[in-house]
Amino acid sequence: MATEQTVQQHVGGYQQPAAGTAGVQAQVGGQAATVSAVAGATGGVGAGNLITPDIDQKLYKFKSDDTPMMQIMLHSKRVNVKSPVVRHYIIDEPKSFVTTKDKVVKSSDNQFILPLLSQDQKLPRPYTTLLVKGVDGYDATGQKPTPGKDLMIFIVGKDTTSGNPVAIAVNGPRAVSGDESCTTPDIPAGTVCVLMANACYETQKEVEPDLVVPQPIDLHLQKRIMNSVVSDYFDAQDKQIPFDHAIIAEAQITNFKVKGNRTLYAGRKGKISVDTKIGPQDVYFSEGVRYQVKKEIKDDGKWSFKKFIALAKLIFTGEDVPKTILGLCGKNFLEKIQTIDFSEHPEVRIEVKLNALGWEVTRIHTVFGNLEFKHDPTLDRLRWSNSCFMIAYDRCVHYVYSAEHTDKDRVEGEEATRNATIVWDGLGLKGTCHVWIDGEGSDNNYGTDVLHMHLWNSDQAPAAPKENSVYYLMVDCPAINSKAVSGTVWTYKNSAWEPYTGEIPLGN
């Protein structure tokens with residue numbers, strides 16, 4: 001009978017525990033001490049609820065890989081300021097050339113007006129020399145051109161009517177080989193004139209100073225606060241999972257940093273007034289680096305080796321050249337970069353390395369410079385998965401109005417303690433070497449203070465270019481102009497093509 005009862009007990013897969021010597025139903029005979037068996041003995045409580053689950057501590061750690069812009073800001077040069085509004089100066093490299101606006105017609109005059117764009121007129125000061133690219137100079141007699149040896153001109157004054165500089169040729173044509181002065185040569189419109197050193201007479205001590213006036217923009221520093229409130233009752237409990245203050249703080253700080261990272265990217269500048277219990281006060285909103293960038297490339301999604309090298313050339317051969325550049329990529333853009341075929345180009349070296357910020361990045365070495373690439377999940381969260389931010393992290397400034405600090409107090413009227421982390425700062429970009437690659441497929445222009453550029457890889461001109469659109473040529477494009485060679489920048493203006501020589505204005 002006892003055997004039959006035992007069989008019946010096991011048929012259902014569950015054996016009722018027997019009483020121990022003290023009468024407690026705690027004995028399960030004939031079963032191993034497994035989690036399932038013990039869970040069944042306790043009345044059918046699920047096994048997963050019997051044990052204390054393990055917790056992935058790494059999920060609560062602040063991960064710098066998920067908040068790269070925050071890390072770049074903390075790595076940048078720190079400047080303590082005394083106001084939440086900062087005059088931020090984007091100091092650019094000195095301009096190396098000017099461009100003629102109209103043609104200079106050959107004549108017998110010794111002096112001529114050099115017609116320049118209005119923004120270039122003040123750059124060539126008296127006693128400055130300029131090398132006129134693409135215009136041949138002459139030999140010492142002034143009778144025979146010297147192909148391949150450019151013309152040089154000398155600035156002697158300024159035309160009071162037009163504001164343009166007045167110049168004479170140094171190695172130009174001469175009416176007679178023995179003449180002391182050259183006559184006026186032909187200089188086509190759109191000719192680039194490279195600014196050279198000045199040339200002074202024997203006893204000269206003074207020249208007009210170079211006027212370099214840095215142009216500022218206003219940056220707002222945004223105050224951010226993280227509060228952690230823990231009740232006394234919660235703190236006093238012996239919890240199944242040991243949620244101590246450190247783990248809670250790590251989770252909240254991670255969330256705080258991630259949201260702050262999005263603001264550093266895409267925040268919009270502004271200021272509003274709010275009513276508080278001690279009167280009206282101002283709230284400042286900082287401008288994200290996405291909208292501080294002065295150069296933007298419209299990406300058509302078709303990446304190749306040639307286009308990639310054009311990107312490196314554009315970044316490392318401009319007026320403002322960074323030491324290194326980091327591409328923070330959305331997931332789709334990073335996929336395009338990884339699928340480029342570099343097999344036939346041994347001069348391009350790809351390696352995985354730790355960069356100066358401690359991140360594992362894909363570093364691609366080209367003859368122009370090193371490009372680093374890293375996935376930034378923040379771009380995916382901001383719906384910019386097809387885009388990339390090429391940032392020179394050695395050319396950023398971290399403005400701090402109030403350094404990060406903590407505060408601890410009791411919640412008034414409650415049995416709870418509040419821990420607050422407070423920071424009031426902002427990130428500013430220096431120079432114009434930073435590039436935003438917009439791959440979202442829209443024609444949105446984020447302000448008139450940004451140079452919107454297309455990488456053009458065809459010897460045929462764009463079929464329907466927009467007015468004032470700018471194209472960086474990856475190949476020679478004679479359909480645009482006979483001088484439209486690879487590496488030059490052209491714009492479609494007034495229904496005609498011309499070299500792009502405009503400056504990048506600064507928004508406020």
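The model is predicted, so local features need pLDDT of at least 70 and side-chain atom pairs pLDDT 80 or more, while totals for chains, interfaces and linings use all residues. Residues are numbered from 1 along each chain as its sequence is written, and side-chain values use heavy atoms, without hydrogens and water.

**The sheet.** Select the eleven strands of the open, mixed sheet, in the order E17-E18-E19-E16-E20-E23-E15-E24-E25-E26-E27. Strands are DSSP runs (E, at least two residues), and helices are runs of H or I, at least four residues, numbered from the N terminus. Two strands pair if DSSP finds at least two bridges between them.

Go to the edges: E17 (349-354) and E27 (496-499) each have a single partner strand, so one side of each lacks a neighbour in the sheet. From one strand to the next, the twist averages 30°. Angles run from 0 to 180 degrees between N-to-C directions, with axes fitted to C-alpha atoms, for helices over the stretch in contact.

**One pair.** Select 388-391 (E20) and 435-438 (E23): they pair antiparallel over three bridges. Methionine 390 has valine 435 in E23 as its bridge partner.

**The helices.** Select H4 (68-75): it touches E16 (325-329) and E20, at about 155° to E16. Contact means heavy atoms within 4.5 Å.

Next, H7 (305-316) lies across strands including E15 (295-298) and E25 (469-473), at about 110° to E19.

Finish at H8 (331-338), where Phe333, Leu334 and Ile337 are buried (under 20% relative accessible area, 1.4 Å probe, protein chains only). The buried residues of H8 pack against H7, E16, E19, E20 and E23.

Technical notes. Buried < 20%, exposed > 50% of the residue type's maximum accessible area, 1.4 Å probe, protein only.
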